[in-house]
Amino acid sequence: MASAKDIVVKPIAAADARRVVQSVHYSGKTVNNSQLHLGVFLNGRLEGAMQFGPSLDKRKMVGLVSGTPWNGFLELNRMAFSEALPRNSESRAIGVAMRLVRKLYPHIQWVVSFADGAQCGDGTIYRASGFVLTGIKPNNQVWKAPTGEVVSRTTMTKGGHNNATGAASMKVYAAQGFKPIAGFQLRYMYFIDPAARDRLTVPVIPFEKIAEMGAGMYRGKARPKQATDGHPPASGGATPTRTLQNSRKSHVPA
């Protein structure tokens, strides 16, 4: 039986990464500005992909770590893993990916990524892979149209969804019946350069805060909120379970 040690992570063409994401990722959508594409192979077959690139709002993100050069960080835009991959492949693939980034792009100091706790999961794999939690907030980035289509706020307010005004406000869409999906967005960061963590300008949030705030999600279903007696819910935590998977689509929230 194959194990996570049997996977191979290496650069792949953008077209191959997009194909995997479109067929496996829960959203079915790629990020157009991704620049680094890593494939996850098992027995020579491409079974997963990770896409890295600049954040859509770099001006806001770069300030998370003081002194970061404009090109000194990346966002892990998408992760998509098929069910064919062995248990714990996600955390191993992330570890290999970070070592590749350190080797190939020594100017990159840290990586940011987001867990979609409104549709997908609360970031179990990030927690198991050495990321720190630096943000939990109610979702205002993922909206549902009256037609049922799920769209991102960034796409709509930057002209990508029939937006004639180019305004950052969602008022015009809210008036049309668009609504944010209930849930949370969680921000995780990985420090390729350990010294960068000392320059972090926002607090590191204990993982327990996810349950306390009722921000937990597993396979697209909300986890129970932290009990008032201080005992955590029965499931969850940092164990690298296959929380981000279902029968066909990957629930990796990036």
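# A guided tour of the predicted model

The protein chain has an accessible surface of about 12400 Å², and 53% of this belongs to carbon and sulfur atoms; such areas come from the Shrake-Rupley method with a 1.4 Å probe, and for residues only the protein chains shown count as cover. The model is predicted, so local features need pLDDT of at least 70 and side-chain atom pairs count only at pLDDT 80 or more, while totals for chains, interfaces and linings use all residues. Residues are numbered from 1 along each chain as its sequence is written, and side-chain values use heavy atoms, with hydrogens and water left out.

**Whole chain.** Display the chain as a cartoon. The protein chain holds eight helices and twelve strands; these are DSSP runs numbered from the N terminus, helices being H or I of at least four residues and strands E of at least two. Of its 254 residues, 49% count as buried (buried is under 20% relative accessible area, exposed over 50%, partly exposed in between, with a 1.4 Å probe and protein chains only). Among contacts between residues at least 6 apart in sequence, 74% join residues at least 24 apart, a contact meaning heavy atoms within 4.5 Å.

Select next the open sheet whose seven strands follow the order 1-2-3-4-5-10-6 with mixed pairing; two strands pair if DSSP finds at least two bridges between them. Its edge strands, each pairing on one side only, are strand 1 (8-11) and strand 6 (132-138). On average, neighbouring strands of this sheet are turned by 25° against each other, direction ignored. Axes here are lines fitted to C-alpha atoms, for helices over the stretch in contact, and angles run from 0 to 180 degrees between N-to-C directions. Strands of a sheet pair through backbone hydrogen bonds, either parallel or antiparallel.

Begin at strand 1, which runs antiparallel to strand 2 (residues 36-42) and is joined to it by four bridges. Select Val 8 and its bridge partner in strand 2, Phe 41. Then show helix 1 (residues 14-24), which lies across strand 2, strand 3 (45-53) and strand 4 (73-81) and runs at about 105° to strand 3. Helix 3 (residues 89-104) lies across strands including strand 1, strand 5 (110-117) and strand 10 (184-191), and its angle to strand 3 is about 50°.

**Gln 51.** Centre the view on Gln 51, in strand 3. Is Gln 51 buried or exposed? With a relative accessible area of 1%, Gln 51 is buried. Its side chain makes a polar contact of 3.2 Å with the side chain of His 37. A polar contact is a pair of N or O atoms within 3.5 Å; within protein, one must be able to donate a hydrogen and the other to accept it, and residues adjacent in sequence count only if both atoms are side-chain atoms. Not counting residues up to four places away in sequence, Gln 51 touches, among others, Ala 17, Val 21, Leu 36, Glu 75 and Asn 77.

**Strands 4 and 5.** Select these two strands together: they run parallel and are joined by three bridges. Glu 75 stands opposite Val 112 in strand 5. Strand 5 is largely enclosed by the rest of the structure, because seven of its eight residues are buried.

**Aromatic pairs.** The structure holds four aromatic pairs; rings of Phe, Tyr and Trp (its six-membered ring) pair if their centres lie within 6.5 Å, and planes under 30 degrees apart count as stacked, over 60 as edge-to-face and the rest as tilted. Show Phe 73 and Trp 110, whose rings are stacked because the centres are 4.4 Å apart and the planes at 10°. Phe 73 lies in strand 4 and Trp 110 in strand 5, so this pair ties together parts that are 37 residues apart in sequence. Phe 73 counts as buried at 3% relative accessibility, and Trp 110 is buried at 0%. Move on to Phe 131 and Tyr 190, a tilted pair with 5.3 Å centre to centre and 55° between the planes. Phe 131 lies in the loop between helix 4 (124-128) and strand 6, and Tyr 190 in strand 10, so the pair ties together parts 59 residues apart in sequence. Both Phe 131 and Tyr 190 are buried.

Strand 6 pairs with strand 10 in the antiparallel sense over six bridges, and Gly 135 stands opposite Arg 187 in strand 10. Strand 6 is mostly covered, with five of its seven residues buried.

**Last stop.** Select Gln 176, in the loop between helix 6 (171-175) and strand 9 (179-180). Gln 176 counts as partly exposed, at 48% relative accessibility. The C-alpha atoms of Gln 176 and Pro 146 are separated by 7.7 Å, although the two residues are 30 apart along the chain.
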